[in-house]
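Hi,

Here is the structure I promised to pass on. Have a look at it first, then read my notes below.

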Amino acid sequence: NFKLVLLLRLEVAVKKLLISATIILFLAGCSNSCNNSSKKRVCTPKTPLAKVDGKTITVAYYERIEDSIPRWVMKQYYSGEKGKEKLLQKIVDRQLIVLYAQEKGFFENPEVKKKLEKFRIKQLAYRYLNSKVGDVKVSDEEIRKAIEKYYRGKKVTPELKKAIRINLEAQKFQSKRNQIIEEIKRKIKFKHHGDIVATYDGITVHYKDVKPVLSKNSSQEKLEEAVTYYVLSKLAEREGFNKKEDFLVAYNRLMEDLAVKDFEKRILSKVRVTDREIREYYEKHKSELRTPERADIEIFEFPDEGEAKKALSAIEKGKSLKEAIPKNVYSTLKEWKVTAADTDRNPVSALVFKEKNKDANILVMPDGRTLLIIVKKRYPSKILLYGDAYSKIKKMLITEKARKLAEEEIEKLKEKYGVKVFKENLKCVRL
C-alpha cells in the first residue's frame, strides 16, 4: 500500500511538472509572437525604398512617379509585387543615368538648358493659373441646357452625360484662366530699354529670360505671350510653387527623360547588326514571322441598340443587307480594313477577330449609338518573305543588342555611384 501511494503521488507530481512546462512554453510562444507583432514595419511617406549615390528614393517619390504613369501602362507592365520591383528598378536606373549625365556636363548643353527652362516657366505659370481658378463646378441645369441645345432628339446615356459635364467644366476652366491672363497682361508694361522688354510689379523681364519660350523669328504677339508666361512663373515662385513636390517630381522627370534619351542614343550608336545575322534569324524563326490576320468590313451606324439587333436578326435569317437595314441607316455605310494587330486598341478589330465564326455582329458605343459590323472578306495570316521581314528583324536584333549593352552600362554605373535597394519596404507602397 505504501508503495502504491508513493507511486500515485509521483504520478501527480510528474503531471503537474508537465502542465507547468506546457504553460511556460505556451507563454514563451505568446511572448515571442507578441514581440514580433509589436515590431511590425511602420510605413510612412519617407520610408526608403532605395538609395542611389546617397540620395533616398522614398515611398512618396515612388508613388508620385506611379501617379504620373498612365493607368493602362501600370496595369500592363507594373502590376503586382513583381511590377513594383520592376518600376523601382526603372526609377533607380533613371537616377543613375541622370548622375552620369550631370557628371558629363549634359545639362550644360545650351539646347538642353533651353528645354528645361521652357518647361520650368510654362509649368510654374500653369500651376499658378490653376491655383487662382480653383474648383470649377457645372450644375445639372447647365447640363440640361447643353443637352437641349446640342443633343435634342438623341438618346442621352450616362456616359454621354458625363462627357458633357467634363466638356462644360473644361470650357469654364479655360474661360476663367483666360480672364486671369488678361488681367495680368493689362498690368504688364512693355518697353524696349537695352535687354529689358517689360516690367510687372517689381519684376523686370529681360530678353534672355523669355528666350527659351520663343521660337526663331517670333512676332511681337509671341514675345508678349512669352513675357506673360514668365511673369506668371515669377508669381508662382513668390508663392513657393517651385519648391512643391509635384513640380519638382515633374521637373526631375523631364531631366531624366532627356538624359535617358541621350543615353539610349549613345547606346544605339554602338550597336551593329549584319545581313548575315538577319538572314540566320529569319531561317531559324521563319514560321513565327507572319502577317497579322486582316479583314475588309462594312459598318452601319444605328441610333440605338434595338434597331441594330432587329437588322442583325434579319441578316442571320438570310435577308440581304438592303432588305434588313433601314434606308436612313444604310446611307451611313463605311468601308474599313481592320487587322488583328489592332485588337488591343480598336474595339471593332477586337470584335471581328475574337469572334471569327461570326461575320455579322453589333458593337454598342459609349454614346448610345450602335454599329452593325459586316465582314466582307477575311485574309488569313501567312509567312513573311525575307524581304518583307528584313526591317522587322533588323529592328528586333538592334533592340535586343541595345538592351544587353544598356544593362551592362547600368551595372557599371551601379558600381560607380553605389545603389542599395530595400525591397522589403515595397510592402509600404499602395497596391
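A quick definition before anything else: the expected span of a helix is 1.5 Å times one less than its number of residues. Helices here are DSSP runs of H or I with at least four residues, strands are runs of E with at least two, and both are numbered from the N terminus.

Bear in mind that this is a predicted model, where local features need pLDDT of at least 70, side-chain atom pairs count only at pLDDT 80 or more, and totals for chains, interfaces and linings use all residues. Residues are numbered from 1 along each chain as its sequence is written, and side-chain values use heavy atoms, with hydrogens and water left out.

Now to helix α5, which covers residues 110-133. From first C-alpha to last, its 24 residues reach 35 Å, close to the expected 34 Å. Its buried residues (under 20% relative accessible area, 1.4 Å probe, protein chains only) include V112, L116, R120 and Y128. Among the elements covering them are α7 (158-187) and α10 (245-269), judged by contact, meaning heavy atoms within 4.5 Å.

As for the whole protein chain, it has 16 helices and ten strands. Its radius of gyration (over C-alpha atoms) is 34 Å, well over the 22 Å that the globule rule (2.2 Å times the number of residues to the power 0.38) gives for 431 residues, so the chain is more spread out than a compact globule. The C-alpha trace spans about 115 × 80 × 70 Å along its principal axes. Buried residues make up 34% of the 431.

Cheers

Technical notes: Buried < 20%, exposed > 50% of the residue type's maximum accessible area, 1.4 Å probe, protein only.
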